[in-house]
Amino acid sequence: MATNRTILITGASSGIGKALAEAYAAPGTRLLLTGRNTERLAQVTALCMGKGAAVETALTPVTDSAAFAAQLLAWDDAAPIDIVIANAGISGGTGKAGGESDAQFRDIMQTNLDGTFNTVNPLLPRFMARKKGAVVLMSSMAGFRGMPTAPAYSVSKMAVRAYGEALRPLLKDSGVNVNVIFPGFIKTPLTDVNNFPMPFLMDAEGAAQYIIKGIAANRARIAFPWPMYLLSRFVAALPLWAGDFILARAPKKS
Ligand SMILES: NC(=O)c1ccc[n+]([C@@H]2O[C@H](COP(=O)([O-])OP(=O)(O)OC[C@H]3O[C@@H](n4cnc5c(N)ncnc54)[C@H](OP(=O)(O)O)[C@@H]3O)[C@@H](O)[C@H]2O)c1
């Protein structure tokens, strides 16, 4: 099968990553999908192959920097990667009485922040040498303002946002695009544990469409849905005391 482009998606075994893989799947597309769950990744693979895509998978965790880099470079050697979407991520709550555990904080940082770096950094010199490629990073509305419902998650997503905002102008003249994604609440296993009302909740398939259009248009920020983006930017722009007042009253896990 002739391959027109190669797209790498981490965290493709579930939620937004799965929806992205399915939406990109088409004849001529080579999808490189990663996750940790063998069964769910195999299901996504079958769906994407059913739509005519060529699919290769790896179960290497994004936290294993050396093994993951080796996998990425082997894939890129076989045929150059055009789009890398560093999507894999986890979240956690505030922890009960006394805040987040040491383990939770470190797991979130290692997956969401180190995992993003491990996904992008090995490929960057190759993208720059080829003067093309898209680097797509998954942040969150929690990347604009620390959320009392998820402190470590907020730190990780702010850091991912800062990484993307640093890379984009750095790579401006290199021919490499950098896009940072800021979804609102999306219905996935990650949010299924939230037992509070999630404003403007949308499905993963709808989210994938926003993301795909944003990447194609090389948008610096791919933020959706717009009411949630507006709300997040508004709260982040308020004086801290006013933001604290609102967020202290926002719905949270009981
Ligand atoms: N859902 C939302 O409302 C929302 C909003 C803003 C941002 N986001 C972000 O969007 C991304 C995807 O989230 P989602 O909602 O689609 O969650 P999800 O359904 O739980 O999917 C998370 C994906 O990440 C993978 N993953 C987690 N840790 C990994 C690791 N160490 N190594 C490799 N893969 C790993 C999971 O693989 P396995 O399941 O195979 O372990 C799974 O495929 C995350 O970065 C999340 O922070 C989500």
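In helix H1, residues Gly15, Ile16, Lys18, Ala19, Leu20, Ala23 and Tyr24 meet Ala204, Glu205, Ala207, Ala208, Gln209, Ile211 and Ile212 of helix H8. Two residues are in contact if their C-beta atoms, placed from the backbone, lie within 7 Å. Helices (H or I, at least four residues) and strands (E, at least two) are DSSP runs, numbered from the N terminus. By class, the contact of H1 with H8 has ten nonpolar, two polar and two charged residues. Here Ala, Val, Leu, Ile, Met, Phe, Trp, Tyr, Cys and Pro count as nonpolar, Asp, Glu, Lys and Arg as charged, and the others, Gly among them, as polar.

The structure is a predicted model: local features need pLDDT of at least 70, side-chain atom pairs count only at pLDDT 80 or more, and totals for chains, interfaces and linings use all residues. Residues are numbered from 1 along each chain as its sequence is written.

**Helix pairs**

Two packed helices are described by the angle between their axes and the distance between the axes. Axes are lines fitted to C-alpha atoms, for helices over the stretch in contact, and angles run from 0 to 180 degrees between N-to-C directions.

| Helix pair | Angle | Axes |
|---|---|---|
| H1 and H8 (residues 204-216) | roughly 65 degrees | within 8 Å |
| H1 and H2 | roughly 20 degrees | within 8 Å |
| H4 and H6 (residues 151-170) | about 15 degrees | 9 Å apart |

The angle of roughly 20 degrees between H1 and H2 makes H1 roughly parallel to H2. Angles under 35 degrees count as roughly parallel, over 145 as roughly antiparallel, 65 to 115 as roughly perpendicular and the rest as oblique. Lys18, Ala21 and Glu22 of H1 meet Val44, Leu47 and Cys48 of H2. That contact has four nonpolar, no polar and two charged residues.

H4 and H6 pack at about 15 degrees, which makes H4 roughly parallel to H6. The residues of H4 that meet H6 include Gln104, Phe105 and Ile108, and those of H6 include Ala152, Tyr153 and Ser156. This contact divides into nine nonpolar, four polar and one charged residues.

**The sheet**

Seven strands form an open sheet in the order E3-E2-E1-E4-E5-E6-E9, with parallel pairing. Strand E3 (54-58) and strand E9 (221-224) stand at the edges with a single partner strand each, so one side of each has no neighbour in the sheet. Neighbouring strands are turned by 15 degrees against each other on average, direction ignored. Two strands pair if DSSP finds at least two bridges between them. Strand E4 (residues 83-86) and strand E5 (residues 134-138) pair in the parallel sense over four bridges, and Ile83 stands opposite Ala134 in E5. Helix H2 (residues 38-50) packs on the sheet and touches strand E2 (29-34) and E3; its direction makes about 170 degrees with that of E3.

**Around the ligand**

Of the 32 residues around the ligand, Gly11, Gly15, Gly35, Gly89 and Thr188 come nearest. A residue is near a molecule or strand if its C-beta atom, placed from the backbone, lies within 6 Å of it. Helix H1 (15-24), helix H4 (102-120) and helix H7 (189-192) each supply at least two residues of this shell. The shell has twelve nonpolar, 18 polar and two charged residues.

**Backbone details**

The peptide bond from Phe224 to Pro225 is cis, with omega near -15 degrees. Pro225 lies in the loop between E9 and helix H9 (226-237). Phe200, in the loop between H7 and strand E8 (202-203), has phi near 55 degrees, a positive value in a residue other than glycine.
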